[in-house]
Amino acid sequence: MRWENLTEGSAGPAALFGAGAVVTRTIDTPEFRGITFHEVRARSIVNRVPGASRMPFEWTVNPYRGCSHACVYCFARKTHSYLDLDTGIGFDSQIVVKTNAPELLRRKLGSPRWTGAHIAMGTNVDCYQRAEGRYRLMPGIIEALRDRANPFSILTKGTLILRDLPLLREAAEVTEVGISVSVGFTDPGLWRTVEPGTPSPAARLGAVRTLTDAGIECGVLMAPVIPFLGDSPEQLRATVRAVAEAGATSVTPLVLHLRPGAREWFTAWLGAHHPHLVPRYERMYAGGSYAPTWYQRRITRQVHELAAEFGIGPAHRGEARRIVAPERPDGSGPAGATQLSLL
């Protein structure tokens, strides 16, 4: 990759890393076989969300780039192209680790100009992917937020979050903490093919149960609902029932959206595993990255009706955070009341 385009003093994009700050490692253990880590000394870690994004938060922290969860639909794949890395296999196996993330965050939170705004994590790639088991960046990040009583939220597919449960409880005593776990479906066969690097849906729901039993309110982002593969009434019912049984405080559906970068990788996967569905997807997503509004509204209605049946409701302020849809490129407004832009 062209690291020189991203280091201090470069003539390219705004420098992300200090000069000579990149160390590349390969680790020959079963857990990390085939994965390359690029350890960097980042120049900043708190990122401002563009105003046009319509997110309900302004600041994010992302200690990693790339994700070994290898979800075939991940919208963040496009970001790897900024580093001249492949957005397919490269995104899954070339992981950038911002090793100084905790110290940078602590410095930012201690600045007189910092006003204590909410910080969201897991909005790009998962901060509890497998790399976190080796680099342990999140404990220092949570400690910094706790010590400054700074509100924050985490979205994850990683059960490794349970390692930090004591820290999360301490933080929740002094500030607002929102936790959401992503579980789009409970079908084991679908999980193994579209989310091969993640803990199973059952394991993730087990984490929801553990968090809620420990007094940490935890919602479920039911994402993505995958057209023609995970959207039958029986599948939706099974998923919402499992979410309710796990004790989630909320469930918020998100239909699959396919941005550039993710769209090409997902389409290739679809052609290899479900070629008969390719024409249907071409028609459904002919208008852009999002499924038609009528389809999104149908899924939302079904999930909300099931949630009411099983005694849970959509996310709302004060519980697990709700992500508001960005406007469509044509300016016609959000694609649907619960269309999110995280996964």
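A crossing of two helices is called left-handed if the near helix is turned anticlockwise from the far one by less than a right angle, and right-handed if it is turned clockwise. In this structure, helix α4 passes helix α5 in a left-handed crossing, whereas α8 passes α11 in a right-handed one. The model is a predicted one, in which local features need pLDDT of at least 70 and side-chain atom pairs count only at pLDDT 80 or more, while totals for chains, interfaces and linings use all residues. Residues are numbered from 1 along each chain as its sequence is written, and side-chain values use heavy atoms, with hydrogens and water left out. Helices (H or I, at least four residues) and strands (E, at least two) are DSSP runs, numbered from the N terminus.

**Helix α4 and its surroundings**

- The axes of α4 (residues 138–147) and α5 (residues 165–172) come within 9 Å and cross at roughly 15°, where axes are lines fitted to C-alpha atoms, for helices over the stretch in contact, and angles run from 0 to 180 degrees between N-to-C directions.
- The two helices α4 and α5 are therefore roughly parallel to each other, on a scale where angles under 35 degrees count as roughly parallel, over 145 as roughly antiparallel, 65 to 115 as roughly perpendicular and the rest as oblique.
- In contact terms (heavy atoms within 4.5 Å), P139, I142, E143 and R146 of α4 meet L167, L168, E170 and A171 of α5.
- Seven of the ten residues of α4 are buried, so that the helix is mostly covered; buried means under 20% relative accessible area, exposed over 50%, and partly exposed in between, with a 1.4 Å probe and protein chains only.
- The buried residues of α4 are M138, P139, G140, I141, I142, A144 and L145, and what covers them includes β4 (59–61), α2 (101–109), β7 (119–121), α3 (131–135), β8 (152–156) and α5.
- After α4 comes A149, which has a positive phi, near 50°.

**Helices α8 and α11**

- Helix α8 (residues 233–245) packs against helix α11 (residues 293–310) at an angle of about 45°, with the axes 9 Å apart, and the two are therefore oblique to each other.
- On the α8 side the contact is made by P233, L236, R237, V240, R241 and A244, and on the α11 side by I299, Q302, V303, L306, A307, E309 and F310.

**An open sheet of four strands**

- Strands of a sheet pair through backbone hydrogen bonds, either parallel or antiparallel.
- Here four strands form an open sheet in the order β1-β2-β6-β5, with mixed pairing; two strands pair if DSSP finds at least two bridges between them.
- The edges are taken by β1 (23–26) and β5 (64–65), each with a single partner strand, so one side of each is left without a neighbour in the sheet.
- β1 pairs with β2 (residues 36–40) in the antiparallel sense over four bridges, and the bridge partner of V23 in β2 is E39.

**Loop residues and backbone features**

- D126 is found in the loop between β7 and α3 and is buried, with a relative accessible area of 8%.
- Although D126 and R65 are 61 residues apart in sequence, they are 8.9 Å apart in space, C-alpha to C-alpha.
- Leaving aside neighbours within four places in sequence, D126 is in contact with Y64, C67, H69, L155, T156, K157 and G158.
- A70, which is not a glycine, has a positive phi of about 60°; A70 is found in the loop between β5 and α1 (89–93) and counts as buried at 14% relative accessibility.
- D84, also not a glycine, has a positive phi of about 60°; D84 lies in the loop between β5 and α1 and counts as partly exposed at 35% relative accessibility.
- A cis peptide bond, with omega about -5°, joins A223 and P224, and P224 lies in strand β10 (residues 218–225).

**Cysteines**

- The structure holds zero disulfides, a disulfide being a pair of cysteine sulfur atoms within 2.5 Å.
- C71 is in no disulfide, and the nearest cysteine sulfur, that of C74, is 6.3 Å away.
- C71 is buried, with a relative accessible area of 7%, and C218 is buried as well, at 0%.
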